[in-house]
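Here is a short tour of one protein chain. Keep the structure open while you read, and find each residue as it comes up.

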Amino acid sequence: MNIQTEHRRPNTGPTPYDEVYYPGHVYGLTHPNHLATIAAVYGMQSAPVERCRVLELGCGVGGNLLPMAFQYPSSEFVGVDLSGVTIERGQRNVATLGLSNIKLLHCDIMNVDAGFGEFDYILAHGVYSWVPPAVREKMMMIFKQNLAPRGVCYVSYNAHPFSHLRDMVRDMMRYHTRRLTGMKEKVGQARAILKFLSDGSKANSVHGAVLRDQYNRVLKSPDELLFHDDLDDGAEAFLLHEVAEDASRHGLQYLGDADFSRRYLAGYSEEVRATLQRFPESEFMARDQYQDFIDGNGFRRTLLCHDSISLSRQIDLDFVTRFHLLSTTNPVDPDACVTDDSAMEFENQDGSRVTVTNPLLKAAHLCLGRAWPRALSFDELLDGARALLGDRQVDDDQKVLTEAMFILACSGEVSFLLSRPFLLKEATEHPQASLLARRQAQTGPLVTNLLHQTVQLEDDRTRDFLQLLDGARTIDQITAEMTEKFGPTIRIDQKDSAGQPAEPLLLSTRESVQRSLAMVGKLGLLVA
């Protein structure tokens, strides 16, 4: 990378993010592989994720950008942020991992210019609503000036109509805490006043219902998020069309929502579906705006591209056959019959369930669940499902599977990606967990897997176990070290189907190691 940073340091003083640390997280919908996938659905051919350039505005500590750089060593990643303290912390993390393909710069967005070069993907998560108008204007200029011809830009922001309700309680909290400065006192008093107001309001009124709903949201928000997001005096929400029209003034166009499942209309009444489906391709953004009005959407993840790109909004039934498919689906009853037409229920990681009767589709769900976290091409899925049925082949198998995967992909039940992620499910004789996850596990239970997701490790013992998966130790050596540290048997706490404590499981250390290896593989932490 040849970006010179000496003249780019901002002249402003400390920011609130210097004083109150904002934890870095991964945001799956910002991942270049996901952005390239959505672009491909609409007829764009973006840069391959394995070799691309990515810019993140407001990168913070690099919690979102650094895992991408770790995963794709032949791509380049640049992050800029106004908080010098945060950037220094991120730079230490980069150095610890020995990454040479990422730069985190202490830089004002206003100083990003043509010298940064072109980027295939530009990300701005949680920035647009929290900066002054002049900075928002500059962001749009960057999106146009620094975006490669076939590039994709991701920008998220608080959205109306729901944010009208959020802004109402923000006004109340900000008034009550207007003379407070310390984060703990400010956040504590913000929650206290909202509890007082919601408890005092009439439970059977619309106003009371809104206050109670907002209080529950605020109560669950982490302190840092509440301080920076809700108590920020300058936070502003927008309607989708306002952002799209602003982008249009800069030679950009609305590509779509980063969450593809928002296109799926099955959950609406027949009248609503018919009305939304009548919008022509030329009014795709307007359709999404009206859908926001119906849903009461409060946060937008908008994708933009150059207005010279010709997009196709018509999605063919067989579009899923061009992607790699993933799903956490598992049978509720593992002993259910796959080969007949009896009902078989499957559950996803998020708790959603689907009932299937067609043998081919039951077999396909089993294949996806067993393969997770590996992604399967459509042909691999078809062949695997047929194999589970004793290599049975029916003339309309491909058609049946295509139609089913189309619905599941559109509804978000099955994920689809243009490029296959680099990870393993099964452990080798010298198992190796992601170096990034091992480093993260040294300081806490939350780690980033190779699907750009945050996963939580079960306990401190699992965190210790992860450190041993360095690719140098054999399974026997790992077992010996775990035995030395924890003894010859391991107690595994268990819960029943109702979530209540159940009889603990006692395993030998070797059995525990094998169990933990399988769990780490399922979490997407084993590298290929």
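## Around H176

Leaving aside neighbours within four places in sequence, H176 is in contact with Q189 and I193. This is a predicted model. H176 is found in helix α6. Is H176 buried, partly exposed or exposed? The relative accessible area of H176 is 32%. The cut-offs are 20% for buried and 50% for exposed, so H176 counts as partly exposed.

Now look at the backbone. I193 sits 17 residues from H176 along the chain. The C-alpha atoms of H176 and I193 are separated by 7.2 Å.

Which residues meet here? From α6 come R166, R170, M173 and R174. From α9 come L226, D229 and D230. The residues of this contact divide into two nonpolar, no polar and five charged.

Another crossing involves helix α17 (residues 460-467) and helix α19 (residues 509-522). They pack at an angle of about 85 degrees, with axes 11 Å apart. That makes α17 roughly perpendicular to α19. T462, F465 and L466 of α17 make the contact with V513, S516, L517, M519 and V520 of α19. How do the residues of this contact divide? Six are nonpolar, two are polar and none is charged.

## A buried asparagine

N33 lies in helix α2, residues 32-41. Is N33 buried or exposed? Its relative accessible area is 4%. That is under the 20% cut-off, so N33 is buried.

What does N33 touch, not counting residues up to four places away in sequence? The list is V49, Y72, L417, L418 and S419.

## Aromatic rings

A pair of aromatic rings is described by the distance of the centres and the angle of the planes. A search of the whole structure finds 13 aromatic pairs. One of them is formed by Y254 and F284. Their centres are 6.1 Å apart, with 35 degrees between the planes. This pair is tilted. Y254 lies in strand β6 (residues 252-257) and F284 in helix α12 (residues 284-295), so the pair ties together parts that are 30 residues apart in sequence. Y254 is buried, and F284 is buried too.

Next, find F319 and F416. Their ring centres lie 5.4 Å apart. Their planes are at 80 degrees, so the pair is edge-to-face. It links distant parts of the chain, 97 residues apart. F319 is in the loop between β7 (299-306) and β8 (324-326), while F416 is in strand β13 (residues 415-417). Both F319 and F416 are buried. They also belong to one aromatic cluster, formed by F260, F319, F323, F406 and F416.

## Arginines over rings

Some rings have an arginine over the face. R53 lies over the face of F119, at 4.2 Å from the ring centre. R313 lies over the face of Y42, at 4.9 Å from the ring centre.

Most residues other than glycine have a negative phi, and most peptide bonds are trans. Where does this chain depart from that pattern? H160 and P161 are joined by a cis peptide bond, with omega about 20 degrees. P161 is found in the loop between β5 (147-158) and α6. A cis peptide bond also joins W372 and P373, with omega about 10 degrees. P373 is in the loop between α13 (359-371) and β12 (376-377).

Now for phi. D391 is not a glycine, yet its phi is positive, about 60 degrees. D391 sits in the loop between α14 (378-388) and α15 (397-411). Its relative accessibility is 58%, so D391 counts as exposed. H452 also has a positive phi, near 60 degrees, and is a residue other than glycine. Its place is in the loop between β14 (446-448) and β15 (454-456). Is H452 buried or exposed? At a relative accessible area of 2%, H452 is buried.

Conventions:
Residues numbered from 1 in each chain as written. Predicted model: local features only at pLDDT ≥ 70, side-chain atom pairs only at ≥ 80, totals over all residues. Heavy atoms only, no water. Contact = heavy atoms within 4.5 Å. Helix = DSSP H or I, 4+ residues; strand = E, 2+ residues; numbered from the N terminus. Nonpolar A, V, L, I, M, F, W, Y, C, P; charged D, E, K, R; others polar. Buried < 20%, exposed > 50% of the residue type's maximum accessible area, 1.4 Å probe, protein only. Phe/Tyr/Trp six-rings, centres within 6.5 Å; stacked < 30°, edge-to-face > 60°. Lys NZ or Arg CZ within 6 Å of the ring centre and 35° of its normal. Axes fitted to C-alpha atoms, helices over the stretch in contact; angles between N-to-C directions. Parallel < 35°, antiparallel > 145°, perpendicular 65-115°, else oblique.
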